[in-house]
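Here's a quick walk through one protein model, from its overall surface down to a couple of side-chain details. Have a look at the structure first.

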Amino acid sequence: MYVYAIQDSGGNVKFGKSNNPIARRSNLQCGNANYLTLVAVCQDDDYDKAEKHLHGCLRSLNIGMVGEWFQPSLAITLVVNSMLNGHLDWAAQIAMDFCCFFAPSQAKSREHFWNRAEGSGWNERIHAQTAG
């Protein structure tokens, strides 16, 4: 499975998961007036947790009531660039940092996310990336 980022012509980005991100973009295009571009794809065994992690950490950037579309921002750009370079772990770290430091109403501290990720494998993977 893959975690993908699709950007619309207005700059908004959708993070999702799919077995076939190219087909998913085509399906989404049918119901969207803006042109959609598949901008990043990362394959990962923990795709479900990765997608939920990104959505949860970046939720202050959600557009309206839609949980998978995010307004353009530096945080979104950094997450997408990390994905482009094949670093879904780094993308998750950037999302966590954004939430903890720039959207404090969503998280009291980094520990909140370490505890939330406990047992998922993300905790250890992110810590290994940042400790090195």
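The protein exposes about 7000 Å², and carbon and sulfur atoms supply 52% of that; accessible areas here are Shrake-Rupley values with a 1.4 Å probe. Keep in mind that this is a predicted model: local features need pLDDT of at least 70, side-chain atom pairs count only at pLDDT 80 or more, and totals for chains, interfaces and linings use all residues. Residues are numbered from 1 along each chain as its sequence is written, and side-chain values use heavy atoms, with hydrogens and water left out.

Of the 132 residues, 45% count as buried (under 20% relative accessible area; exposed is over 50%, partly exposed in between). There are six helices and five strands, in the order β-β-α-β-α-β-β-α-α-α-α. Those are DSSP runs, helices being H or I with at least four residues and strands E with at least two.

Now for the rings. Phe, Tyr and Trp (six-membered ring) pair up if their centres lie within 6.5 Å, with planes under 30 degrees apart called stacked, over 60 edge-to-face and the rest tilted. That gives one aromatic pair:

| Pair | Centre distance | Plane angle | Class |
|---|---|---|---|
| F15 and F70 | 5.6 Å | 55 degrees | tilted |

F15 sits in strand β2 (residues 13–18) and F70 in strand β5 (residues 66–70), so the pair ties together parts 55 residues apart in sequence. Both F15 and F70 are buried.

K14 is in strand β2 too, and is buried, with a relative accessible area of 2%. The K14 side chain makes a polar contact with the side chain of E68 (2.3 Å).

Terms used:
Buried means under 20% relative accessible area, exposed over 50%, partly exposed in between (1.4 Å probe, protein chains only). A polar contact is a pair of N or O atoms within 3.5 Å; within protein, one must be able to donate a hydrogen and the other to accept it, and residues adjacent in sequence count only if both atoms are side-chain atoms.
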